[in-house]
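Hi,

Here is the structure I promised to send over.

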Amino acid sequence: MIVTIDDALDPRLNAFRWRERQLTTIAQRKSALNEGLFIAEGDLVVHRALEAGCVPDVVLCDPKCATEFSDAVHTAGGATLVASADIRREVTGLGVPLDAIGVFRRPPLVSTGDLIAQSTRLIVLDCVDNPSNVGSIARTAAALGWDGLLLDSTSSDPLSRRALRVSMGTTFKLGFARFASTNEILAQLHQSGFATIGLTPHHESREVTNLRSIQIEGKRALVLGSERQGLSDASLELCTQLANITMADGVDSLNVASASAIACFALL
């Protein structure tokens, strides 16, 4: 069933106006239960959310996308709404009338142990708090066949609006889990047979190898820190190997998302 909306103030559109903290609390983002909501912006992201089995509450569309999505949304227990371009533009707050935007229930959170057990290539993010960077890293990981993301409690939510928009919905192809301590997750990875490669421009006491020369057999995890401070000294000490990307004179580093793309390709 498709319902036509002709008033931008219709209460059925309220969820599309909510901020991230109204959609899902910090506790819900860390919960193993499928609590809280996320928003998928754009017809491709909505399609990939439905394809991944995410449960929709409501999807707002133009007539063409409403016809395309309505059966899947209805089967999953959600509602399909149609509205004019002006109403869709006002509701999204993006200044553009997206062809489709959906409010979905968050999927259950995977445990770190389960994700590590079912993976051979993982990315560890420590203090990567920019959602655009997290979305770009997720898109790279999915494109190059990596299995998932391990994120500390300060790293941005992969299901935030901006992160999902940047990832173009490829986040749904990855597992992701939260951890409390980077040192503990590195120890857990080592116990599970993973080599851990920390990306850093330099280190005072340990050798930092050019990324192109690293040869690894078996399971591997790429460890990335914040753009401002990088990985802590304690975390760098625990990594199996340290690697850098050679820079031209006068340039000290890359954006973390760009660095992750190069490293994911080099470590395939």
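**Cysteine 127 and what follows it**

Let me start with cysteine 127, which is partly exposed, with a relative accessible area of 32%. You'll find cysteine 127 in the loop between β6 and α8. Its phi is near 65 degrees, a positive value in a residue other than glycine. Do keep in mind that this is a predicted model.

**Helix α8**

Now for α8, which covers residues 131–143. The helix has 13 residues and reaches 18 Å from its first C-alpha to its last, close to the 18 Å expected at 1.5 Å a residue. At the N-terminal end there's a cap from asparagine 130: one of its side-chain oxygens lies 2.8 Å from the backbone nitrogen of serine 132. Just after α8 comes glycine 145, with a positive phi of about 85 degrees.

Which residues of α8 are buried? They are Pro131, Asn133, Val134, Gly135, Ile137, Ala138, Thr140, Ala141 and Ala142. The cover over these buried residues includes β6, β7 (148–152), α9 (161–167), β11 (220–224) and α12 (256–266).

**The sheet**

There is also an open sheet of five strands, and if you trace across it the order is β1-β4-β3-β5-β2, with mixed pairing. The edges are β1 (2–4) and β2 (37–41), and each of them pairs on one side only. On average, neighbouring strands in this sheet are turned by 20 degrees against each other, ignoring direction.

The mean pLDDT of the protein chain is 92, and 97% of its residues reach 70 or more. By element, strand β6 (residues 121–125) has the highest mean at 98, while helix α3 (residues 26–30) has the lowest at 63.

Cheers

Methods
Residues numbered from 1 in each chain as written. Predicted model: local features only at pLDDT ≥ 70, side-chain atom pairs only at ≥ 80, totals over all residues. Heavy atoms only, no water. Pairing = 2+ DSSP bridges. Helix = DSSP H or I, 4+ residues; strand = E, 2+ residues; numbered from the N terminus. Axes fitted to C-alpha atoms, helices over the stretch in contact; angles between N-to-C directions. pLDDT = per-residue confidence, 0-100. Expected span 1.5 Å × (residues − 1). Buried < 20%, exposed > 50% of the residue type's maximum accessible area, 1.4 Å probe, protein only. Contact = heavy atoms within 4.5 Å. Polar contact = N/O pair within 3.5 Å; in protein donor to acceptor, adjacent residues only side chain to side chain.
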